[in-house]
Amino acid sequence: MITYLEKELQMLDNNNGNGERQSLHGNWSSRLAFIMAVTGSAVGLGNIWKFPYMAGQNGGGAFVLVYLLFVFLIGMPVMMSEILIGRRGRRNPVSTMSLLGEEEGRSTQWKWVGALGVIAAMLILSYYSVIAGWTLTYIPKAFLGQFAGADVATIANLFDDFVGSPLAVITAHSIFMFLNFFIIAAGVKGLERAVKFLMPALLFLLVVLFFYSLTSGSFGAGVAFMFTPNFAALDWDGVLTAMGLACFTLSIGMGAIMAYGAYLPQETSITNATVSVVLADTGIAMLAGLVIFPLVFANGLNPGEGPDLVFKTLPLVFGQMQAGTFLATIFFILLAFAALTSALGLMEPAVAWMVESTDFSRRQSAATIAFIIWFFGLGTALSFNVLSEFTFYQGTIYENVDFITSNIMLPMSAVFITIFAAWVMSQNSTSDELNGHGFVYRVWQVLARYFAPIAILIIFMQAIGWI
Ligand code: PHE
């Protein structure tokens, strides 16, 4: 039901007879279906892999606090703006921005904001797929009982040996990209239905791990690390990283949420939907942190370990648990699914755009886009082994792609999206979508007009060294 459109259905200005614009691809069957789909896109490696490693690298408490502030003060108004733009335009992000620009009597050039999002999403997927490949590889490792009773050094070696092999990493990345291509080309009805029970299952397993963490003996140390703000440990780069991470985990600034908003029924409250998604996404990130940090301290590991943090801590706890082999297998399967549902959201905007703008079929478009993303992904795959010494600007190839997308492209796109919704669109249009001029509308307006764009720009310029 999402964006898996048929070519012949596109670009007509549909109307349901009441003058209300309709999406050409139908609407979500319920508010819950929308929330599940957006949450499926939001919850992914960002919450379970990226959040803990970045919080660890940036000293914990202060970073987490700033991240939470960004989620609520910037993430929420941006998400509301994206959904309302999407629902008003009911097209793909590029066409929606151009259509609304025209309709509001402004410029159709706003389509470039949609294009910025499409490119950011492709670049993100290029490395996302490599890390998702790691989770795929951990499924057979778990199943074969390789974590059972293993100590810190064994688990670390397991990871280092795997990531040190370009062939292994590239194979896993290729398999993940192929799965993506296959699902995008074939349609995803079944997968969407599966998400409805896979996500709660992932949450359930995290809760099980959480209780295990509680008994690890270092729960207090983990909580203290995560929630005691030590601002000396956080510089402007860290603040920028927290902001980029907030956009990344919420899937905003890429047009992905805008595309989903296009299928939201007119009567559903955008505010309520946003609050549910943000709470679910943040809750899962916090839970992942509360599982991982106590384990880090209980095992004498370094919280600033980097992108391998999760892969070097979680297998340890599985290795010590009753039925750990079984639970670890299930966990990595669920994590791979969570990554897959996010990855589909990252690939679809580019594929939809290509289907609409060229005479390629859906399958050809999916293959072309998948190939381009796969190719860029090779840089990230190699940056963990043969090219690990090849560093420039922000570090390795992976670190550069991540920095440029999360810390530059997503915040920039978020600025344009809020400016578009709060300044370019008329108050009539926006209050129509946000149910009137009440208190919530006023709060959204202040955050989207002033707070979010100004805060993003200040942080951005501080970190880049312009002010
Ligand atoms: N939010 C996803 C995650 O946390 C990543 C993502 C970004 C997915 C943008 C879709 C669109 O893993």
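The protein has 18 helices and 0 strands. What you are looking at is a predicted model, so please keep that in mind throughout.

First, overall dimensions. The C-alpha trace spans about 65 × 45 × 40 Å along its principal axes. The radius of gyration is 21 Å, which agrees with the value near 23 Å that a compact globule of 467 residues would have. Of those 467 residues, 61% are buried. The accessible surface of the protein comes to about 17,300 Å², and carbon and sulfur atoms account for 66% of that. As for how the chain meets itself, take the contacts between residues at least 6 apart in sequence: 80% of these join residues at least 24 apart.

Now the ligand. How many residues surround the ligand? There are 14, and the closest are Ala42, Gly46, Tyr128, Phe248 and Ser251. Four helices each supply at least two residues of this shell: α1, residues 31-42; α2, residues 45-57; α10, residues 236-250; and α14, residues 324-357. The largest share, 3 residues, comes from α2. Sorted by class, the shell has 7 nonpolar residues, 7 polar residues and no charged ones.

A backbone N or O atom of Gly46 is 2.8 Å from an oxygen atom of the ligand. For Ala42, a polar backbone atom lies 2.9 Å from a ligand oxygen. At Ser41, a polar backbone atom is 3.4 Å from a nitrogen atom of the ligand. On its own, the ligand has 330 Å² of accessible area, and the protein covers 100% of it.

Last, two loop residues with backbone angles to look at. Most residues other than glycine have a negative phi. Ala323 is not a glycine, yet its phi is positive, about 55 degrees. Where is Ala323 found? Ala323 sits in the loop between α13, residues 309-320, and α14. Is Ala323 buried or exposed? Ala323 counts as exposed, because its relative accessibility is 52% and the cut-off for exposed is over 50%.

The second residue is Tyr393, also not a glycine, with a positive phi near 40 degrees. Tyr393 lies in the loop between α15, residues 362-383, and α16, residues 397-424. With a relative accessible area of 57%, Tyr393 is exposed.

Key: Residues numbered from 1 in each chain as written. Predicted model: local features only at pLDDT ≥ 70, side-chain atom pairs only at ≥ 80, totals over all residues. Heavy atoms only, no water. Near = heavy atom within 4 Å. Polar contact = N/O pair within 3.5 Å; in protein donor to acceptor, adjacent residues only side chain to side chain. Areas by Shrake-Rupley, 256 points an atom, 1.4 Å probe, with all protein chains shown as cover. Nonpolar A, V, L, I, M, F, W, Y, C, P; charged D, E, K, R; others polar. Rg over C-alpha atoms; globule rule 2.2 N^0.38 Å. Buried < 20%, exposed > 50% of the residue type's maximum accessible area, 1.4 Å probe, protein only. Contact = heavy atoms within 4.5 Å.
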